[in-house]
Structure formats: structure tokens, C-alpha cells
Amino acid sequence: MKPLFVAASLLLALACKRDSTAPERLPVPDTKSAVTAEAATPREIIICDQKNARIIMVDVANGNAITWEWKANASYAMIRSGAQGWFSNLSEAKLVYNGKYVLATASGGGVALINVSTKKAIWYDYAGGNTHSAELLPNGNVVTASTTGGYLLIFTVDSYINDESAQGGKVLFEDVHNVVWDNARKVLYAAGKDKLKVFTYNNSCASPKLTLKSTYTMPQGNAHDLFPVYGSTTDLWLTNSGHIYKFNVATGAFTLVKTLSAVKSVTSGPSGYPTILARATGAGGETWRTDQIIDINGALVYKNTALGLYKARWKLVNTFSYPAGDSFHECTHP
């Protein structure tokens with residue numbers, strides 16, 4: 001019995017020795033947490049996808065995921081059926097009210113102020129005339145730019161009655177394509193043909209009015225896009241048929257940045273954000289559309305052959321046009 005006891009004791013000792021040198025079992029990793037940790041900081045672009053009658057936000061830093069979509073005929077938009085056709089060929093979508101809302105226009109004549117969170121068009125109306133752009137004014141009113149017929153039009157925004165809101169008198173401006181508010185100088189810029197005009201605004205709720213302050217003649221005609229240069233207090237991007245300029249609002253100087261045709265929109269951002277262009281290629285069903293976004297040097301930033309896009313903007317707060325922390329307001333219901 002003694003030899004058997006000794007053998008058993010020896011085997012037990014060896015087994016214990018092997019266990020003590022075995023690798024420690026590690027906890028199973030939390031896969032969900034690991035994926036979340038690896039996700040890059042979002043870098044989103046707001047796109048007018050005319051082919052699919054929608055506005056989308058695309059995160060180009062995280063697999064080009066579509067993070068947001070808006071359609072005028074969706075139930076969440078709460079646009080009456082008779083007005084949904086106004087939003088054909090969406091022409092611009094810009095972030096307003098500290099990133100909480102999108103101000104959108106369409107060549108079908110529509111203009112809408114959309115709550116990003118709920119997707120409800122809290123206000124919408126009809127500007128007509130191939131509406132190409134809109135801008136938020138300090139008292140909550142909205143001014144639109146229509147190319148056909150050539151005019152700017154002010155709406156006294158009333159979210160209680162939408163398209164029954166009062167309209168100011170038209171300001172005639174041939175082929176006007178854009179509008180940008182300058183919060184520091186309290187003026188409005190707009191460009192059409194070979195003219196860039198500066199207007200003052202009386203900030204009236206009952207009788208809103210624009211008054212021409214000055215006019216600049218551009219180096220060439222056919223002005224198209226006008227948008228603040230990110231982080232600048234003086235410069236605006238300006239495009240025409242074949243060129244990209246920076247316009248200095250303080251000096252009135254036009255500085256050529258690049259000779260390039262068919263640029264429908266240009267927008268820049270902070271360090272790490274390329275300056276991006278929507279340049280018409282004919283992809284997406286119409287000559288004025290494209291299916292890709294490039295940077296100012298021609299490198300591809302985003303491409304989706306299912307889209308027919310028109311304008312694209314970085315999803316960034318515009319500090320040139322609006323005060324910090326700006327929130328929704330309308331002069332009709334203070």
C-alpha cells in the first residue's frame with residue numbers, strides 16, 4: 001500500500017505544479033464596447049439628393065453611413081399633401097439654430113425649416129421661381145433667392161400657420177442664386193450674374209424690408225454658390241461657371257482660388273476637414289447633378305452611384321451668420 005500511496009502523492013504534486021504555471025484565463029472582451037471605442041469622431045456632410053427626393057447626412061469618417069434622412073412626403077415631415085410637390089429637386093440644405101435645425105429649399109419652389117431631432121418641418125412655404133437658396137434673418141424671418149424671375153423674397157415666419165405666413169415685397173435681382181447673412185455687420189449678401197449685392201435689413205416683423213447698400217461687379221458672370229469660409233470673419237466662398245473665388249467682405253476684393261467649372265457648392269471646415277465641392281458631372285439623372293463629392297484638389301471624398309446630388313455642406317455650425325447658442329425664435333410668437 002505504501003508504494004501506491006507514494007505514487008499517488010507524486011502525481012498530485014505534479015498536477016498542482018502544472019496548474020500553477022498555466023496561463024491566467026482572461027475575461028471575455030466586451031465586443032460592443034470595443035466597436036464603440038474604435039468608431040471615429042463623426043464627420044458628416046449634409047447632401048441634397050435630388051434623385052431620391054431627400055436630404056441626407058453622411059458620416060464619411062465611419063464607413064459613409066447615412067445617419068439621417070428627410071423626405072417632404074414622409075409622415076414625420078408633416079407637410080400637407082398639396083405642398084409636398086414644392087420640394088422637388090432639393091437645392092440647398094444649411095444648418096441653422098446651433099445645429100438643431102436645417103433650412104432647406106427646392107427648385108420646385110419650397111422652403112422649409114426642419115427640426116433635426118423630430119424631422120418635422122416646423123415651418124414651410126412657397127417661394128416659387130426655382131428657389132435656389134434661403135437664409136435665416138435675425139428676428140427669425142427667412143429670405144429666399146429665386147433664379148427664375150430673379151428675386152429675393154422675405155417671409156414673416158409663423159410656424160402656427162406655415163404657408164399662410166405673410167410675405168414681404170420682392171426685391172428684383174436677375175438670376176440671383178444665393179443669400180448669406182453677416183451677423184457681425186448686420187447685412188445680407190447675394191450674388192447673381194456678375195453682381196454681388198449687399199443689403200441692410202430693417203428687422204421688422206410687420207413690414208420686413210431689404211435696402212440695397214452696395215454692389216460689386218464680379219470678375220466673371222453666372223454666380224452660383226456663396227457660403228462663409230469656415231472660421232473666417234471676412235471671407236465668403238463664391239463660385240461661377242468656371243471659377244472658385246474668395247470674396248472679402250471688408251475690402252470688396254475677389255481672390256481667385258481655383259479655375260474649375262460646374263461647381264454647385266463649396267464648403268470648408270476646421271483643421272482636418274478638406275474643402276469639399278459638389279461639381280456637376282451629369283451622374284444622377286440630370287446634367288447639373290453628380291454622384292460624388294471631391295475636395296478642392298480633385299481627390300474623392302464620397303461617392304454613391306445611387307445618388308443624384310446637387311449641393312453638399314459639412315455639418316458644422318456657421319458662426320459667420322448666426323450668434324453663438326442661437327435657438328429657434330419667430331417674431332410672430334415671441
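Mentor: What follows covers aromatic pairs, charges over rings and the disulfide. This is a predicted model, in which local features need pLDDT of at least 70 and side-chain atom pairs count only at pLDDT 80 or more, while totals for chains, interfaces and linings use all residues. Residues are numbered from 1 along each chain as its sequence is written, and side-chain values use heavy atoms, with hydrogens and water left out.

Trainee: How many aromatic pairs are there in the whole structure?
Mentor: The search finds twelve. Rings of Phe, Tyr and Trp (its six-membered ring) pair if their centres lie within 6.5 Å; planes under 30 degrees apart are stacked, over 60 edge-to-face, and the rest tilted.

Trainee: What about Tyr-97 and Tyr-101, stacked or edge-to-face?
Mentor: Their planes are at 80°, so the pair is edge-to-face, with the ring centres 5.6 Å apart.

Trainee: Is that Tyr-97 buried or exposed?
Mentor: Tyr-97 is buried, at 1% relative accessibility. Buried means under 20% relative accessible area, exposed over 50%, and partly exposed in between (1.4 Å probe, protein chains only). Tyr-101 is buried too, at 13%.

Trainee: And how are the rings of Trp-123 and Phe-155 arranged?
Mentor: Their planes are at 65° and their centres 5.6 Å apart, so that pair is edge-to-face. Trp-123 lies in strand β7 (residues 121–126) and Phe-155 in strand β10 (residues 151–156), so the contact ties together parts 32 residues apart in sequence. Strands (E, at least two residues) are DSSP runs, numbered from the N terminus. Both Trp-123 and Phe-155 are buried.

Trainee: Which residues do ring pairs link into a cluster?
Mentor: Tyr-216, Tyr-245, Phe-247 and Phe-254.

Trainee: Switching topic. Which ring does the charged end of Arg-43 sit over?
Mentor: The ring of Tyr-273, at 4.5 Å from its centre. The rule asks for NZ of Lys or CZ of Arg within 6 Å of the ring centre and within 35 degrees of the ring normal. Arg-313 lies over the face of Phe-227, 4.0 Å from the ring centre.

Trainee: Now the cysteines. How many disulfides does the count come to?
Mentor: One, taking a disulfide as a pair of cysteine sulfur atoms within 2.5 Å. Cys-205 is joined to Cys-331, S to S 2.3 Å. The link is right-handed, with 80° about the S-S bond.

Trainee: Where do Cys-205 and Cys-331 sit in the chain?
Mentor: Cys-205 is in the loop between β15 (195–201) and β16 (210–217), and Cys-331 is in the segment after β25 (309–314), 126 residues apart. Cys-205 is partly exposed at 25%, and Cys-331 is partly exposed at 21%.

Note on methods: Helices (H or I, at least four residues) and strands (E, at least two) are DSSP runs, numbered from the N terminus.
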